[in-house]
Amino acid sequence: MEPPADARGAHVPTTKEAPVSESYEGRQIVGMDLHRRRSVLVRMTEAGERLETVRISNDPEYLRQVMARAGENPEVVLEATYGWYWAADTLAELGARVHLAHPLGVKMFSLRRVKNDERDAADLADLLRMGRLPEAWIAPPATRELRELVRHRAKLVGLRSNLKCQIHGVLAGAGVQVPVSDLFGVDGLQRLARVELRAAARARVDSALRLIEALDFEVELFAKLAAGRLRTHDGYRAIQAIPGIGPVLAAVFVAEIGDITRFDRPAQLASWAGLTPKHHESDTTVHRGRITKQGSRLVRWAAVEAVQRVGPHTRLGQVREQVGARRGRNIGVVAAARELTELVFYALRDGHIRRLPAAPTTAPAPPAA
């Protein structure tokens with residue numbers, strides 16, 4: 001049955017409440033199963049006795065009405081799912097201690113024979129109550145805003161790359177060879193303008209070029225906005241002392257990593273970025289596979305991008321080349337990326353590069369200027 005709607009057409013809270021709900025004065029645990037339009041909240045005692053189950057529309061005012069019955073400083077858990085920011089911020093304003101469940105850690109919910117919103121909310125509360133919640137970090141608003149700038153720029157770059165690929169596809173379909181390394185440089189664009197194409201193909205190319213020009217402006221704008229916010233950030237400046245890292249990649253590291261003190265050592269940062277291999281151990285069998293790729297995709301990309309830019313005379317370049325010679329280029333790049341995350345860790349933690357390893361003495365000398 002659909003819950004009743006108010007004058008705005010939104011669904012008002014509907015409640016199933018236990019008799020003990022009104023008399024209970026202890027600390028309460030609240031599980032919230034958040035969706036795009038509606039959510040379910042389950043309030044329970046520290047002993048696991050259910051006090052109330054409520055379904056509401058996603059509206060801060062309805063959430064405040066439910067939390068008014070949750071007592072002082074309740075513990076609230078919700079999953080890091082689509083659009084969780086508003087709920088976490090509203091709950092924090094109401095004095096709740098908010099916990100964010102990691103989606104990978106609660107993936108087992110989908111394996112249950114019976115799965116519904118009420119059960120999911122209750123299970124989240126139970127995991128928190130028993131101290132077994134796989135918890136994700138809740139970034140503060142300032143960090144989330146910086147992430148929005150960095151991530152939007154990354155998406156714009158992806159759109160621009162897609163358009164460039166479309167132009168290459170049009171040329172390939174017309175049997176046109178591209179004799180330059182960068183089709184979108186000055187020389188490449190001049191050649192592209194002179195290429196004879198069918199009317200439809202030329203219209204596609206010209207349209208894509210206009211969109212690329214517009215995206216160039218937006219990409220540059222968001223890069224400047226992010227750099228402006230980080231102008232006085234010590235870690236941002238320190239990271240740029242690492243070979244291969246410029247302002248754009250430094251902004252990615254600062255925005256995505258956030259508070260570096262949540263990592264005790266560099267190996268934890270590398271693991272969080274998904275740059276460490278999978279480890280499966282049972283009885284006497286141990287298997288280490290490919291890297292997990294479970295973590296920040298942007299941090300992983302930035303680390304890999306940076307180590308591919310450095311020369312072979314640098315320490316990172318030596319790691320890349322030496323490991324790559326033994327085990328393949330890709331593995332060498334990943335090994336160097338893990339080494340780079342260690343430097344990023346100290347740069348963010350200390351505001352300077354604590355140690356920048358020199359290249360091994362056996363490395364070839366850099367070419368003379």
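Select R129 and D126: they form a salt bridge, with the closest N and O atoms 3.0 Å apart (a side-chain nitrogen of Lys or Arg within 4 Å of a carboxyl oxygen of Asp or Glu). The two are about one helical turn from each other, because they sit 3 residues apart in helix α3 (residues 117-129); helices are DSSP runs of H or I with at least four residues, strands are runs of E with at least two, and both are numbered from the N terminus.

The model is predicted, so local features need pLDDT of at least 70 and side-chain atom pairs count only at pLDDT 80 or more, while totals for chains, interfaces and linings use all residues. Residues are numbered from 1 along each chain as its sequence is written, and side-chain values use heavy atoms, without hydrogens and water.

Next, select E145 and R229, whose side chains meet in a salt bridge of 3.1 Å, N to O. E145 belongs to helix α4 and R229 to helix α6 (residues 199-229), so this pair ties together parts 84 residues apart in sequence.

Then select D350 and R349, another salt bridge, with the closest N and O atoms 2.9 Å apart. Salt bridges that share partners also join R112, K115, R119, D120 and D123 into one network. The count comes to 25 salt bridges.

Move to D33, in strand β2 (residues 28-34). Among the residues that D33 touches are R38, D117 and A121, leaving aside those up to four places away in sequence (contact: heavy atoms within 4.5 Å).
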